[in-house]
Amino acid sequence: MATDIETDVFEEHRPVLLGVAYRMLGRVADAEDVVQEAWLRWSGADRSEVREPRAYLVRITTRLAIDRLRQVKARGETYVGPWLPEPYVTDFGDTVQDTAERAVLADSVSFAVLVVLEALSPLERAVFVLREAFGYPYGEIAVMLDRSETAVRQLSGRARRHVDERRPRYEVDPALRRDLTERFLAAAAEGDLEGLMSLLAPDVRLVGDSGGKAKAPLRVLETADHVGRFLVGAARKGDVPDASFHFVEVNGGPALLIRSGDKPDSIFQLEVLDGRIQSVYIIRNPDKLTSLATA
């Protein structure tokens, strides 16, 4: 049975554990399940032998997340239409003071990076998350994963090359992204195709994730003309009854949450580069919006 002090220790590290698990899995519910299992392991452990609680808890969480990820891949889950990670509220607030550190954390949890990480093996993904997002030395990662440091360096190199080759470039400035999101919303709502087109990069992509459970494109839309016309047409149809619009921070950047009455209906997030919108992400799968019910 864990004491109050040991409970406090776990709660102190819970945000980091959830951050590791979510970056590993891309699913909020699965990440929370993994952290709960880590708590059960912690509460039943012989903590007299634990010198560094944070390292111990991160090791447990990482291994549990690897096991969960292997199960998902082994099941060979099929998904209707494009897949995006479940939106994850990331209000760093005063918990991250360093601007560079904040940028690294925001980048490591972005939709663009998490989509790329889906193609990595569970071990490669674990090494990438621990090294790139949380800055763990190779030696510590080797202990956490029960691998040699040489093997960990090789895993890290492969993961880094894969991400660098496939990750799109974009701006992380939240003020710029919010400004463009507001202008994007206004142009789409007014049916201003010309104004909307002026905001879109020529090779813009729109990725809609509905899981086949809501209206959204079942393939990625490309080019400003196709994306612009789709967005203006969707706005004119007004498929969301009693719609209201709210700005939230998810996956390291500003996003637009659309509610239908008191229920989350969809979330939009933009990637921006050189003052133009490069990617539009739309998540409408109701299973992925439950964590935003109180956002």
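In this predicted model, helix α6 (residues 122-133) and helix α8 (residues 149-166) have axes that come within 8 Å and cross at roughly 85°, and α6 and α8 are therefore roughly perpendicular to each other. On the α6 side the contact is made by Leu123, Glu124, Val127, Phe128, Arg131 and Glu132, which meet Val152, Leu155, Ser156, Arg158, Ala159, Arg160 and Val163 in α8. Sorted by class, this contact of α6 with α8 has seven nonpolar, one polar and five charged residues.

Helix α7 (residues 138-145) also packs against α8, at an angle of about 105° and with the axes 8 Å apart, which makes α7 roughly perpendicular to α8. Here Tyr138, Gly139, Ile141 and Ala142 in α7 meet Glu149, Val152, Arg153 and Ser156 in α8, a contact with four nonpolar, two polar and two charged residues.

Turning to the rings, the count comes to five aromatic pairs. One of them is the edge-to-face pair of Phe111 and Tyr281, with 5.4 Å centre to centre and 85° between the planes; this pair links distant parts of the chain, since Phe111 is in helix α5 (residues 111-117) and Tyr281 in strand β6 (residues 276-283), 170 residues apart. Both Phe111 and Tyr281 are buried. Phe184 and Phe268 form a tilted pair, 6.2 Å centre to centre with 50° between the planes, and because Phe184 lies in helix α9 (residues 174-189) and Phe268 in strand β5 (residues 263-273), the pair ties together parts that are 84 residues apart in sequence.

Methods
Residues numbered from 1 in each chain as written. Predicted model: local features only at pLDDT ≥ 70, side-chain atom pairs only at ≥ 80, totals over all residues. Heavy atoms only, no water. Axes fitted to C-alpha atoms, helices over the stretch in contact; angles between N-to-C directions. Helix = DSSP H or I, 4+ residues; strand = E, 2+ residues; numbered from the N terminus. Parallel < 35°, antiparallel > 145°, perpendicular 65-115°, else oblique. Contact = heavy atoms within 4.5 Å. Nonpolar A, V, L, I, M, F, W, Y, C, P; charged D, E, K, R; others polar. Phe/Tyr/Trp six-rings, centres within 6.5 Å; stacked < 30°, edge-to-face > 60°. Buried < 20%, exposed > 50% of the residue type's maximum accessible area, 1.4 Å probe, protein only.
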